[in-house]
Amino acid sequence: MGGSPRGIMISVIMQRILNVFLLGLGAILLLFLGRETYHLTLVLFVNGDEPSSYLLIEGIVIYFLYFEFIALIVKYFSSGYHFPLRYFIYIGITAIIRLIIVDHKNPLDTLIYSAAILVLVVTLFLANSDRLKRE
């Protein structure tokens with residue numbers, strides 16, 4: 001089931017363009033990760049005697065978000081140009097946790113965010129089951 005030579009050539013060119021832009025995005029994310037490391041250092045060691053726990057925890061969660069996106073890009077290249085579903089679920093869970101930490105004034109919103117995390121955890125369990133696992 002091969003495609004036409006022209007179609008294969010177009011898909012190869014598009015894949016290479018995608019790879020270049022994804023590498024650029026990875027480089028940008030690495031810069032932001034470095035900047036977040038600097039900000040965490042400032043919060044821990046420079047901002048007075050007692051750093052704000054909310055700033056520290058929010059910074060750590062943002063740090064993990066950058067780290068997860070970079071790991072997703074690395075996994076894309078190491079797995080033959082494929083984004084594993086579970087990495088997106090990890091990123092979603094981390095992003096919602098950050099949202100709960102930053103915006104926890106409304107109890108109903110926090111409950112809804114928690115329910116969304118539960119749905120993502122169940123989805124992660126199903127995605128890692130033997131029936132759906134591709135890796």
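# From a salt bridge to the helices around it

At a relative accessibility of 21%, glutamate 58 counts as partly exposed. The model in which this residue is seen is a predicted one. The cut-off for a buried residue is under 20% relative accessible area, so the value of 21% places glutamate 58 in the partly exposed class. Its side chain meets that of arginine 98 in a salt bridge, with 3.0 Å from N to O. Glutamate 58 belongs to helix H2 and arginine 98 to helix H3, so the pair ties together parts of the chain that are 40 residues apart in sequence. Arginine 98 is likewise partly exposed, since its relative accessible area is 25%. In general, side chains of opposite charge can pair when their charged atoms come close. A search of the whole structure finds one salt bridge.

The protein chain has an average pLDDT of 86, and 91% of its residues score at least 70. Among the elements of the chain, the lowest mean pLDDT, 87, belongs to H2, and the highest, 94, to helix H4, which covers residues 107-127.

The account now turns to helix H1. Its 41 residues should span 60 Å at 1.5 Å a residue, and because the end C-alpha atoms are 59 Å apart, the two values agree. Buried in H1 are Asn19, Leu22, Gly26, Leu29, Leu33, Glu36, Leu40 and Val43. An α-helix has 3.6 residues a turn, so residues three or four places apart point the same way. What covers the buried residues of H1 includes H2.

Two of these buried residues show the contacts in detail. Asparagine 19, found in helix H1, has a relative accessible area of 10% and is therefore buried. Leaving aside neighbours within four places in sequence, asparagine 19 is in contact with Tyr76, Phe77 and Tyr81. Leucine 29, when residues up to four places away in sequence are not counted, touches Tyr66, Phe69, Ile70 and Ile73.

Leucine 29 is also part of the largest nonpolar core, whose eight residues are Leu22, Leu29, Leu33, Ile62, Tyr66, Ile70, Ile73 and Tyr76. Helix H1 (5-45) and helix H2 (53-78) are the elements that give two or more residues to this core. The largest share, five residues, comes from H2. Apart from this core lies another, of seven residues, among them Ile89, Ile93, Ile117 and Ala127.

Tyrosine 81, one of the contacts of asparagine 19, has its place in the loop between H2 and H3. This tyrosine counts as partly exposed because its relative accessibility is 46%. Its phi is near 60°, a positive value in a residue other than glycine. Most residues other than glycine have a negative phi.

Serine 53 is found in helix H2. It is partly exposed, as its relative accessible area is 45%. Serine 53 and valine 43 are separated by 10 residues in sequence and by 9.3 Å in space, C-alpha to C-alpha.

With a relative accessible area of 12%, threonine 94 is buried. Not counting residues up to four places away in sequence, threonine 94 touches Val61, Phe64, Leu65 and Glu68.

A database record can be set beside the model. In an unreviewed entry, UniProt lists residues 12-33, 53-73, 85-104 and 110-127 under "transmembrane region". In the model, the span 85-104 is 90% helix and 0% strand, and its end C-alpha atoms lie 28 Å apart. Residues 110-127 are 100% helix and 0% strand, with 25 Å between the end C-alpha atoms.

Aspartate 130 is exposed, because its relative accessible area is 73%. Between aspartate 130 and asparagine 106 there are 39 Å in space, C-alpha to C-alpha, and the two are 24 residues apart in sequence.

Note on methods. Residues numbered from 1 in each chain as written. Predicted model: local features only at pLDDT ≥ 70, side-chain atom pairs only at ≥ 80, totals over all residues. Heavy atoms only, no water. Core = buried A, V, L, I, M, F, W, Y, C linked by side-chain atoms within 4.5 Å. Buried < 20%, exposed > 50% of the residue type's maximum accessible area, 1.4 Å probe, protein only. Helix = DSSP H or I, 4+ residues; strand = E, 2+ residues; numbered from the N terminus. Contact = heavy atoms within 4.5 Å. UniProt positions renumbered as here; feature names shortened; annotations may be inferred. Expected span 1.5 Å × (residues − 1). pLDDT = per-residue confidence, 0-100. Salt bridge = Lys/Arg side-chain N within 4 Å of Asp/Glu carboxyl O.
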